Amino acid sequence: MKLVARPSGPLAGRFAVPGDKSLSHRALILGALAEGETVIAGLLESEDVLATAAALRAFGVRVERFGPGRWRVIGGAWRSPEGPIDCGNSGTGARLLMGAAAGRGVGASFAGDASLSRRPMGRVRRPLETMGAVFEGGDTLPLRLVSGVTRGIAHLNVPASAQVKSAVLLAGLGTGEPVEVAEPVPSRDHTEIMLAAMGVNVERDGATVRLGERRSLSPALLPIAGDPSSAAFALAAAAIVPGSEATAPDVLLNPNRSGFVMALQRMGADVALANVRGQGGETIGDVRVRHGPIFGAEFTAEEIPSMIDEIPILAVVAAFARGETRIEGLDELRHKESDRLSLMAHGLAACGVDVRVDDDALVIQGGQVRGGAEVSTEGDHRIAMAHLVLGLAAEQPVMVDEAGMIATSFPTFREAMRGIGADVSEVR
Ligand code: S3P
């Protein structure tokens with residue numbers, strides 16, 4: 001399916017933000033590790049998350065939907081699944097499930113789609129092997145976990161990956177030995193927060209996380225906040241389409257996920273936060289962006305983990321900013337659902353933007369954007385959504401060659417964008 005975004009605006013209103021993807025995977029998996037019934041409200045019902053729900057069922061866990069976004073997980077014993085676990089397009093699902101299964105000591109084969117099968121799994125496999133788990137296969141999927149962990153680990157998480165950190169922590173629940181993960185730059189800490197909310201002792205000392213004595217989970221009521229990575233598309237659109245003002249309500253404002261909102265502010269955008277409050281150990285609130293002049297800025301490698309999934313849309317905002325934007329430390333972008341560094345450079349250039357890749361940095365000269373291109377997404381949801389947002393503010397429409405994959409993270413993207421007045425439609 002191809003989608004086209006036409007110059008639109010002004011955009012206005014409240015954006016229907018779906019549940020956070022990272023929290024949704026974790027709520028299902030941690031619920032499955034708890035003894036008893038966990039209830040989840042506001043679960044993101046996207047393809048990635050549904051693949052994790054199906055995987056947990058294959059491990060013998062009862063996972064039931066009882067209303068829109070409302071799910072029940074009855075955790076307890078896990079068993080080895082009969083066939084391979086299909087993680088679809090999801091790196092989070094694959095890596096967290098590998099860790100959880102290794103902690104439970106159940107063997108399983110893990111597989112994924114073509115994109116996931118190209119992504120590095122050695123970064124999870126190696127620490128789990130240090131913990132005594134046994135694998136068959138290489139450093140990419142398909143992989144077979146033969147047996148689970150038997151000992152602890154002190155893991156240095158480089159590059160700072162929340163997925164790897166989470167896999168080690170979930171595996172560590174299956175051993176009584178010391179388990180710690182240290183990282184150079186903090187990655188998202190939702191696993192630590194949710195484990196603590198479910199009764200596990202998690203000790204945090206600067207950038208180091210340690211599992212304490214109590215490693216069993218109690219079932220809980222888990223509300224899922226809005227996904228800042230999905231909200232970013234509407235916030236960016238409001239920042240670049242003249243006359244716009246849009247609000248993304250109830251968005252997760254964890255500091256490790258707020259880099260994009262801070263980046264918009266640094267670029268001079270008119271951003272306001274309201275109703276900031278706590279929820280399940282996380283911080284949430286409403287984010288409002290009003291159109292106004294925006295300026296190029298420099299972003300360093302240390303800032304990237306807090307906006308790792310928002311770099312494609314940040315690059316689009318930079319294309320409309322006055323002056324140069326330089327975003328450094330983007331090597332990890334090459335290992336996402338696609339090589340996002342190269343695809344963003346190609347897509348922006350096709351839309352007439354002056355852009356170059358300088359080692360692992362993206363350098364963009366902003367201003368007027370022509371648009372008027374069909375962009376190749378290589379099946380990457382965020383590359384597709386970012387270029388569609390570009391098309392709303394460009395001089396000419398922008399088409400993306402494959403938009404079906406948007407359903408992996410944001411199945412209601414089109415309706416949500418239309419809800420604030422964006423002209424995004426299917427090409428027939
Ligand atoms: C995620 C962590 C990030 C992010 C991904 C979701 C998570 O990946 O890009 O979309 O839920 O833990 P890495 O941990 O590999 O950086």
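Which residues does lysine 21 touch, not counting residues up to four places away in sequence? Lysine 21 touches Leu44, Asp48, Val49, Asp227, His381, Arg382, Thr408 and Ser409, where contact means heavy atoms within 4.5 Å. The model is predicted: local features need pLDDT of at least 70, side-chain atom pairs count only at pLDDT 80 or more, and totals for chains, interfaces and linings use all residues. Residues are numbered from 1 along each chain as its sequence is written, and side-chain values use heavy atoms, with hydrogens and water left out.

View 1. Lysine 21 belongs to helix α1, residues 21-33; helices (H or I, at least four residues) and strands (E, at least two) are DSSP runs, numbered from the N terminus. With a relative accessibility of 9%, lysine 21 counts as buried. Buried means under 20% relative accessible area, exposed over 50% and partly exposed in between, for a 1.4 Å probe and protein chains only. The side chain of lysine 21 forms a salt bridge with that of aspartate 48, at 3.8 Å from N to O. A salt bridge is a side-chain nitrogen of Lys or Arg within 4 Å of a carboxyl oxygen of Asp or Glu. This pair links distant parts of the chain, since aspartate 48 lies in helix α2 (residues 47-58), 27 residues apart from lysine 21 in helix α1. Aspartate 48 is buried as well as lysine 21.

**View 2. Aspartate 227 and arginine 257.** Aspartate 227, one of the residues that lysine 21 touches, forms a salt bridge with arginine 257, and their closest N and O atoms are 3.2 Å apart. Aspartate 227 is in the loop between β14 (221-223) and α7 (228-240), while arginine 257 is in the loop between β15 (245-252) and α8 (259-266), 30 residues apart. Aspartate 227 is buried at 2% relative accessibility, and arginine 257 is buried at 3%.

**View 3. The annotated binding site.** An unreviewed UniProt entry places the feature "binding site" at Lys21, Gly91, Arg119, Gln163, Arg340 and Arg382; such annotations may be inferred rather than shown by experiment. From this set, Lys21, Gly91, Arg119, Gln163, Arg340 and Arg382 are in the lining of the largest pocket. On a 1 Å grid over the protein atoms alone, a pocket is an open set of points where a 1.4 Å probe fits, with protein on both sides within 12 Å along at least five of seven lines; lining residues have an atom within 4 Å of a point. Arg119 and Arg340 also belong to a network of salt bridges with Arg188, Asp309, Glu337 and Asp380.

**View 4. Glutamine 163.** Glutamine 163 is in helix α5, residues 162-172, and is buried at 14% relative accessibility. Leaving aside neighbours within four places in sequence, glutamine 163 is in contact with Gly91, Thr92, Arg95 and Leu96.

**View 5. The sheet with β1.** Four strands form an open sheet with mixed pairing, in the order β22-β23-β1-β24; two strands pair if DSSP finds at least two bridges between them. Strands β22 (374-375) and β24 (423-426) are at the edges with a single partner strand each, so one side of each has no neighbour in the sheet. Strand β1 (residues 3-6) runs antiparallel to β24, joined by four bridges, and arginine 6 stands opposite aspartate 423 in β24.
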